[in-house]
Every structure is written in structure tokens, then in C-alpha cells.
Amino acid sequence: MTCLSRLFSYLSETQWSYRLSGNQVRVSSGGSLTVGAGVRMRRCNIFVGNDAEVHIGENAVLSDTDIYIYKGSLSIGNHAILCGSPLCLLVEDGQVEIGHHTKVACEKLWVRFGGQLTVGNYTNINAGTEVRCDEKVLIGNYCQISYNIRIWDTNTHTIYSPEVRAELTRNYFPYFGKETERPRTSPVIIEDYCWMGERSAILKGTHIAEGVIVGFGTLICGKSIEKGRTVVAKSSLLIF
């Protein structure tokens with residue numbers, strides 16, 4: 001694509017009414033963006049690709065949020081709040097559904113390879129947290145997701161041979177770590193009324209039942225936690 005054609009695409013895709021309120025919104029010719037009544041946006045960047053659709057529900061609030069959706073769909077419920085410093089919501093290929101009256105203030109939501117990410121109603125996800133979804137991540141209703149948590153249903157990288165990784169690195173430089181096929185994955189399910197403590201990690205193949213508390217710094221991978229349990233990391237305490 002030439003510089004002139006890129007400039008033309010930028011100008012034709014830009015929704016100029018949003019620029020007047022300090023936001024940058026671009027919708028490709030094949031993309032779709034619907035915004036409900038009473039939505040407020042401040043310092044947001046939104047790009048909707050040709051094979052993508054975005055729906056923002058009524059009275060939702062978006063602040064300091066970057067949304068890039070290239071293929072798939074994003075649905076944000078009524079009265080939801082998305083904010084960050086900034087929050088990056090990146091959908092390369094997949095579906096994201098954020099429930100009503102939910103607050104997402106985390107660092108990144110990243111969906112690839114046709115993944116399905118669902119965040120329920122009245123759920124709170126705090127700063128520094130990252131959710132990566134290459135297959136399926138389900139977070140229920142009334143959940144408290146604390147700070148600096150990792151929720152991944154994926155190994156995040158395929159282990160290529162050195163020759164293949166070197167070729168990908170050369171071909172996609174300066175983008176390092178490019179993936180051309182889905183890594184190993186297994187769904188993550190967090191049911192309703194759960195509380196994830198700060199710096200915990202919920203990794204692929206984990207099923208956390210209703211009302212579970214996960215303590216500070218606890219890592220869970222490939223486990224099923226029964227309803228109402230409290231899970232904490234082993235620790236050593238030295239007293240002087």
C-alpha cells in the first residue's frame with residue numbers, strides 16, 4: 001500500500017465526530033460500529049477492521065482505552081466501564097463479550113486464533129491484569145479480579161524449531177515472537193462470586209467453581225477447584 005492510499009484509507013475510515021471530543025475512531029468499509037445512547041468516551045482509540053463488528057451498550061463509559069479489533073466481534077454491555085492507563089483490548093481474531101455493569105480497568109485483553117472471551121455482569125478487573133485468550137476464557141458474574149493477575153488459556157507461544165523461529169523473526173522484524181499457528185491451549189473457567197488475589201496466575205486448563213478465593217501470589221494450572229474453597233500458595237516464614 002502506497003503512502004497516498006494509506007492516507008486515503010485513514011481519512012475515509014476516520015469518524016470525525018469523535019475527533020471533536022478527543023477520541024480517534026476508525027471503521028473500515030466492511031466493519032461495523034454501533035454505539036448506544038448515553039455512551040461517554042474520553043481519550044479513546046478505536047479501530048474496527050473489515051471483518052469485525054463492535055457494539056457498545058447504552059450508558060457505557062470508555063476512558064483511556066485502546067480497542068483494536070481486526071476480525072470477529074466485541075460486545076460491551078450497558079453501563080459497563082472500560083478504563084486504564086491505558087487499557088488495550090486487542091482482538092486479532094475472536095469474540096469478546098463484556099457484561100453489563102462490569103468494570104474493566106486492566107492492562108490488556110488479548111484474543112487470537114478464534115478465541116472466545118466472556119466477562120460476566122457486575123465483575124471488576126483491576127489494573128495491571130492481563131487476560132490472554134486463544135481458545136476460551138469465561139469469567140462469571142460478581143467476580144473480583146485483583147491487581148497484576150495473569151489469566152491465560154494458552155502457552156502464548158508455539159515452540160518452533162530454531163530455524164523456523166529465526167525465519168519468522170527475520171520476516172516480521174521488528175515484531176518479535178510472531179505466531180502463525182495456535183499454541184497449546186485449554187479453557188479457563190472462573191465461575192460466579194470468585195475473588196482472585198493480587199499477583200495470582202490462573203493458567204490453561206483451570207476450572208474454578210463458584211465462590212472460590214485465590215490468595216496473593218498463587219499459581220493454578222490445569223486444576224479444578226471445588227466450590228467455596230480458599231487456595232493459597234505455600235510460603236516460608238522466617239522470624240528474627
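Which residue in E4 is the bridge partner of Arg26? It is Phe47. I will come back to that pair after some housekeeping.

What you see above is a predicted model, in which local features need pLDDT of at least 70 and side-chain atom pairs count only at pLDDT 80 or more, while totals for chains, interfaces and linings use all residues. Residues are numbered from 1 along each chain as its sequence is written, and side-chain values use heavy atoms, with hydrogens and water left out.

Now the strands. Helices (H or I, at least four residues) and strands (E, at least two) are DSSP runs, numbered from the N terminus. Arg26 belongs to strand E1, residues 24-27. E1 pairs with strand E4, residues 45-56, in the parallel sense, over four bridges. To count as paired, two strands need at least two bridges between them in DSSP. E1 also has two faces: Val25 and Val27 are on the covered one, Gln24 and Arg26 on the uncovered one. In a regular strand the side chains alternate between the two faces of the sheet.

Next, the interior. A nonpolar core is a set of buried Ala, Val, Leu, Ile, Met, Phe, Trp, Tyr and Cys residues joined through side-chain atoms within 4.5 Å. The largest one here has 50 residues, and those with the most contacts inside it are Leu62, Ile151, Ile190 and Ile208. Contact means heavy atoms within 4.5 Å. Take Ile208: leaving aside residues up to four places away in sequence, it touches Ile189, Ile190, Glu191, Cys194, Met196, Ile202, Val214, Ile220 and Ile225. In soluble globular proteins, nonpolar side chains tend to be buried together.

A disulfide is a covalent bond between the sulfur atoms of two cysteines. The rule used here asks for a pair of cysteine sulfur atoms within 2.5 Å. By that rule the count is zero. Cys143 is buried, with a relative accessible area of 1%. Cys194 also counts as buried, at 1% relative accessibility.

On to charges. A salt bridge is a side-chain nitrogen of Lys or Arg within 4 Å of a carboxyl oxygen of Asp or Glu. A search of the whole structure finds four, and I will go through some of them.

In one, Asp134 is bridged to Arg112, with the closest N and O atoms 2.8 Å apart. This pair links distant parts of the chain, 22 residues apart: Asp134 is in the loop between strands E12 (130-133) and E13 (136-139), and Arg112 is in the loop between strands E9 (108-111) and E10 (115-119). Asp134 counts as buried, at 1% relative accessibility. Arg112 is buried too, at 4%.

Another joins Glu179 to Arg165, the closest N and O atoms being 3.2 Å apart. Arg165 is in helix H3 (162-172), while Glu179, 14 residues away, is in the loop between H3 and strand E16 (188-190). Glu179 is buried, with a relative accessible area of 7%, whereas Arg165 is partly exposed at 21%.

In a further case, Arg229 and Glu226 have their closest N and O atoms 3.8 Å apart. Arg229 is partly exposed, at 45%, and Glu226 is exposed, at 54%.

Last, some backbone details. Where are the cis peptide bonds I want to show? One runs from Ser85 to Pro86, with omega near -15°, and Pro86 is in strand E6, residues 81-91. Another runs from Phe173 to Pro174, with omega near 10°. Pro174 is in the loop between H3 and E16.

Then there are positive phi values in residues other than glycine. Tyr122 has phi near 55°. Tyr122 sits in the loop between E10 and strand E11 (124-125), and is partly exposed, with a relative accessible area of 38%. Arg199 has phi near 65°. Arg199 lies in the loop between strands E17 (195-196) and E18 (201-203), and counts as exposed, at 53%.

Terms used: Buried < 20%, exposed > 50% of the residue type's maximum accessible area, 1.4 Å probe, protein only.
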